[in-house]
Amino acid sequence: MTIAEQTVCVSLGPRTYEILIGPELLPRTGELIFRWYVQHAGKPPQKPRGLVVTDSNVGPIHGETVRRSLEAAGWSMDLIALPAGEASKSLDVVTQVYDRLIDQQADRQTTIFAVGGGVVGDAAGFIASTYTRGVPFIQIPTTLLADVDSSVGGKVGVNHPRAKNMIGAFYQPFGVLIDTSALATLPDREYRSGLAEVVKYGVILDAEFFTELEAHADALNVRDPEFLAKVIARSCRLKADIVEKDEYERTGLRAMLNYGHTFAHAFEALCGYGELLHGEAVSIGMVCASRLAERRGLIDASVTQRQVDLLTKLQLPITLPAPIGFTAADAIGRMRLDKKAVAGQLRFVLPTRMGYVETIANVPEADVATVLAEINVR
Ligand SMILES: NC(=O)c1ccc[n+]([C@@H]2O[C@H](COP(=O)([O-])OP(=O)(O)OC[C@H]3O[C@@H](n4cnc5c(N)ncnc54)[C@H](O)[C@@H]3O)[C@@H](O)[C@H]2O)c1
Ligand SMILES: [Zn+2]
């Protein structure tokens with residue numbers, strides 16, 4: 001069986017770039033990125049040099065494949081593997097990469113290749129956006145979450161010790177290479193966590209897509225390569241549509257991507273970071289947000305039930321793991337501090353029917369508390 005490659009174009013004027021999706025692409029990196037390089041740099045790379053930024057899990061498997069492919073295509077390459085995990089999204093770790101770039105006398109033409117999940121993509125993108133005020137950047141995501149979410153849209157950055165994603169930039173890559181075969185090595189929980197964001201796109205933007213996911217949940221559970229390639233391409237297209245209209249998150253449109261996330265961010269913080277994976281928190285958060293929409297009279301119970309059924313089929317959680325070490329007041333307090341809250345008011349992205357969401361302000365605290373009680377947060 002051969003699976004066709006798919007291309008999603010993210011149209012952003014002079015920053016327009018392509019996402020190429022297909023199996024077995026990493027060993028062809030050198031050949032595949034050539035066109036993007038010419039398109040963005042105006043000419044073929046002269047004495048091309050690059051740095052693969054990866055992590056300690058992905059480096060030995062996929063990072064080295066990318067490095068070898070580029071070397072075979074005539075590139076001088078270096079590779080740096082950050083310790084795997086969110087802690088690498090820090091200014092300290094980024095500084096170590098700047099040191100390496102300076103040691104190597106890297107210049108404005110040195111290309112940064114991010115090979116890994118969202119942590120590597122965000123950190124490497126931030127390095128690319130700042131080293132000599134910007135060097136060529138290519139994203140090669142290797143988690144499902146990075147394929148469908150973090151590698152699309154140009155948000156790059158690191159965490160401040162007291163605030164996640166607080167330091168960053170909008171910086172678009174020359175292109176994104178999504179090798180669906182790289183997902184074969186991804187641990188099960190990480191894979192399912194990415195599926196939560198896929199389900200989210202159906203709920204917020206595309207009822208037909210949601211129906212397709214319901215019909216093919218089994219294919220998702222066995223990581224069917226053909227269906228996965230389709231799902232990734234559709235998810236990237238849906239996110240790209242939003243990003244194209246609101247690149248710098250100014251019009252409020254991009255906020256709709258935060259469906260389920262006001263709850264999720266509170267759960268992640270209060271359960272202790274690392275206890276729940278992001279997609280798991282989003283899964284529970286979407287169910288809470290949908291129940292909240294029911295209470296506000298925006299949807300009937302069937303819209304929530306369909307999400308509960310699909311998420312359950314995909315083995316994602318819809319309630320918090322016991323024991324729950326925080327109260328509803330703690331959770332609501334967190335939500336008021338959310339980056340997306342305005343003047344401490346509770347605002348939520350809520351479905352109005354399958355495939356549509358709206359931002360609803362001034363949601364009564366009592367309704368939020370009732371929804372939290374349904375997942376045993378009191
Ligand atoms: N920039 C954005 O728009 C955006 C959007 C969503 C999330 N994010 C960020 O993304 C980060 C989370 O990304 P993530 O979920 O990809 O986590 P991650 O990068 O930590 O990767 C998860 C784990 O999987 C491992 N891994 C990655 N690919 C693998 C593979 N193919 N085989 C085996 N192991 C592999 C990693 O080493 C890591 O241990 C967060 O920091 C979040 O803030 C950014
Ligand atoms: Zn998310």
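A: Glutamine 315 has 14 C-beta neighbours inside 10 Å, so it counts as partly exposed. For that label, C-beta atoms are placed from the backbone, and a residue is buried if 20 or more other C-beta atoms lie within 10 Å of its own, exposed if 12 or fewer, and partly exposed in between. The model you are looking at is predicted: local features need pLDDT of at least 70, side-chain atom pairs count only at pLDDT 80 or more, and totals for chains, interfaces and linings use all residues. Residues are numbered from 1 along each chain as its sequence is written, while chains are lettered from A and ligands numbered from 1 in the order in which they are written.

Now look at the backbone of glutamine 315: its phi is near 60°, a positive value in a residue other than glycine. Most residues other than glycine have a negative phi, and most peptide bonds are trans. You will find glutamine 315 in the loop between H12 and H13. Helices (H or I, at least four residues) and strands (E, at least two) are DSSP runs, numbered from the N terminus.

Stay in this loop, between helix H12 (301-313) and helix H13 (328-337), and you also come to proline 323. A cis peptide bond joins alanine 322 to proline 323, with omega about -5°.

Asparagine 376 sits in the segment after helix H14 (365-373). With 11 other C-beta atoms within 10 Å, asparagine 376 is exposed.

In helix H7 (residues 207-215), Phe209, Phe210 and Leu213 are buried. Down the axis of H7, these buried residues fall within an arc of 100°, so they line one face of the helix; the arc is that of the directions from the helix axis to the C-beta atoms. Glu208 and Ala215 are exposed on the other side of H7. Covering the buried residues of H7 are, among others, helix H6 (188-205), helix H8 (217-221), helix H9 (225-245) and H12. Covering rests on contacts: two residues are in contact if their C-beta atoms, placed from the backbone, lie within 7 Å.

Finally, step back to the whole chain. The protein chain has 14 helices and 11 strands, and buried residues make up 48% of its 378 residues.
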